[in-house]
Amino acid sequence: KHRLAVDNKITPEIDYDATNRGTVIHKALELFWSGTKNRAQLNKIIQKNQLERNIFNSVTKALNSHLKTATIKTQPRFVSLEIKSLTRLLKKWLEFEQTRPDFEVISSEENTKIYIAGMKINIRPDRIDRTPQGETIIFDYKTGNVNPSGWFDERIQEPQLPLYALKFK
């Protein structure tokens, strides 16, 4: 490190880690829901057999945007496989979304603040839906395992959902 004057930059990878993949999935869902505002529109997309194409477009835009700043080496075959994989994953999720009762997406990846004990905390819920009955449903997309028991430790772990619950109760 010292003799060669090498800095601490991250070494380029050739495969996504969970963080990179999660970032792309978040962005793809944000792009998808920016054009699909509710369950009725989702149903229309599915009935017209356009779901996979719409997801593919969202994933492609998200991945290309991410690759502009990522340390990962871009290999056309790798990018193509990643797009196909993420398209399949999101298609399963969105087909499940279709089974939910009616909803409207009221925000996606929108920054907001919460004040607790005089502290300002910036939060960014992945998505917020509203039902016709006026209920608010908050999404925090996770691509890995989550352990809610960490919310009850002396030092809270992964506090996003408890903070969202306080803000949007």
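Predicted model: local features only at pLDDT ≥ 70, side-chain atom pairs only at ≥ 80, totals over all residues.
1. Residues are numbered from 1 along each chain as its sequence is written, and side-chain values use heavy atoms, leaving out hydrogens and water.

2. Start with the overall layout. You will find 5 helices and 5 strands in the chain, following the pattern α-α-α-α-β-β-β-β-β-α along the sequence. Here helices (H or I, at least four residues) and strands (E, at least two) are DSSP runs, numbered from the N terminus.

3. Next, the surface. Of the 169 residues, 33% count as buried, that is, under 20% relative accessible area (1.4 Å probe, protein chains only).

4. Now to R127, which sits in strand β4 (residues 127-130). R127 counts as buried because its relative accessibility is 0%.

5. The R127 side chain makes polar contacts with the side chains of E97 (2.8 Å) and D129 (2.7 Å). A polar contact is a pair of N or O atoms within 3.5 Å; within protein, one must be able to donate a hydrogen and the other to accept it, and residues adjacent in sequence count only if both atoms are side-chain atoms.

6. Leaving aside neighbours within four places in sequence, R127 is in contact (heavy atoms within 4.5 Å) with residues including W33, R100, F103, I138 and Y141.

Technical notes
Buried < 20%, exposed > 50% of the residue type's maximum accessible area, 1.4 Å probe, protein only.
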